[in-house]
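User: I'd like to learn how to read the packing in a structure. Could you walk me through one?

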Amino acid sequence: MPLPPVVADLTGFDLLLSVARLGSVGRAAAAHRISQPAASARLRELERRLGLTLLRRSPRGSTLTGTGALVADWARAAVEAAEALAAGAAALRETRESRLAVAASQTVAEYLLPPWLVALRAGHPGLSVTLRAANSAEVADAVRAGEVELGFVEGPGVPAGLRGEVVATDRLTVVVAPGHPWAKRRRAVTAAELAATPLVSREAGSGTRRAFEEALGDLAGAAPVLELSSTTAIKHAVAAGSGVAVLSSLAVTAELAAGTLVAVPASMPSQRQLRAVWPAGAQLTGPARDLYAIARRHR
């Protein structure tokens, strides 16, 4: 039930207690870091609200009337309870802001988050970060369930029930082993060819797989020749000659430079967006808000 209007604001009662303790409105005003006229006005407003005379004012100072002393005794428990409430909330806030739980798709977790987290720790030296690397569907589930404060996902859209903002872009790259027939191909592989080729692929729920299937549209259909749960495993399998894969350009930079994988030109939509996500209707605060800002700055 709502508080009665006469006690909904405790600042006047708190000031009254200070007058009782310090012996004057001037000293009470100084303790509350307000001017004496402001303190006098608040106390008169409190008397008006209660319909009671609380102070006996004289040139030598102000003392509480008998009624004022009784009201002050009643108010003390309420003011102390409010102070305890404020202290408890501050302690919870400090605890929350000393830890951050994040979930990210494997591409973001491996290739983008490390420098973002370094920048975050520079501004929060005592921060403890827990990072869960998973596929994009699992990241979205963790955010919806409240298991993490912030998620980073791949894929063509914002998962249901979440708010999402683009923080980076990436490209899909077709890769094969150096000995694969496509390794020296100059003509772009068509979407139809890719759709007809069993690929070494991530599991269902992977953002990279969803982005590729979205790029193929109605052509998508061939079952993977291998379905693996990590990008690293896919790269090793392809390098060993297991077949063709479509992976994030971020994930294959080192292998392309080393020559263990070869990029194949392809005529399909390759650009994709990487998003930060959090519950719809919620506001990011503390370290989660700062990490989001860092990701936006680095895009």
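User: Which residues touch the most other members of the largest nonpolar core?

Analyst: A nonpolar core is a set of buried Ala, Val, Leu, Ile, Met, Phe, Trp, Tyr and Cys residues joined through side-chain atoms within 4.5 Å, where buried means under 20% relative accessible area with a 1.4 Å probe, protein chains only. Here the largest one has 24 residues, and Val108, Leu113, Trp116, Leu150, Phe152 and Leu291 touch the most other members. Helix 12 (286-298) is among the elements that supply at least two residues; with 5, helix 12 gives the most. A second, separate core holds 18 residues, including Phe13 and Val79.

User: What is tryptophan 116 in contact with, leaving aside neighbours within four places in sequence?

Analyst: Contact means heavy atoms within 4.5 Å. Tryptophan 116 reaches Val108, Phe152, Val167, Leu291, Ile294, Ala295 and His298.

User: At what angle do the axes of helix 1 and helix 3 cross?

Analyst: Axes are lines fitted to C-alpha atoms over the stretch in contact, with angles from 0 to 180 degrees between N-to-C directions. Helix 1 (residues 11-22) and helix 3 (residues 36-50) have axes that come within 9 Å and cross at roughly 115 degrees. Angles of 65 to 115 count as roughly perpendicular, so that is how these two helices lie to each other. Phe13 and Val19 of helix 1 and Leu43 and Leu46 of helix 3 are among the residues making the contact.

User: What is the mean pLDDT of the chain?

Analyst: This is a predicted model, with local features needing pLDDT of at least 70 and side-chain atom pairs 80 or more, while totals for chains, interfaces and linings use all residues. Residues are numbered from 1 along each chain, and side-chain values use heavy atoms, without hydrogens and water. pLDDT is the predictor's confidence in each residue, from 0 to 100; the chain's mean is 86.

Methods: Buried means under 20% relative accessible area, exposed over 50%, partly exposed in between (1.4 Å probe, protein chains only). Helices (H or I, at least four residues) and strands (E, at least two) are DSSP runs, numbered from the N terminus. Angles under 35 degrees count as roughly parallel, over 145 as roughly antiparallel, 65 to 115 as roughly perpendicular and the rest as oblique.
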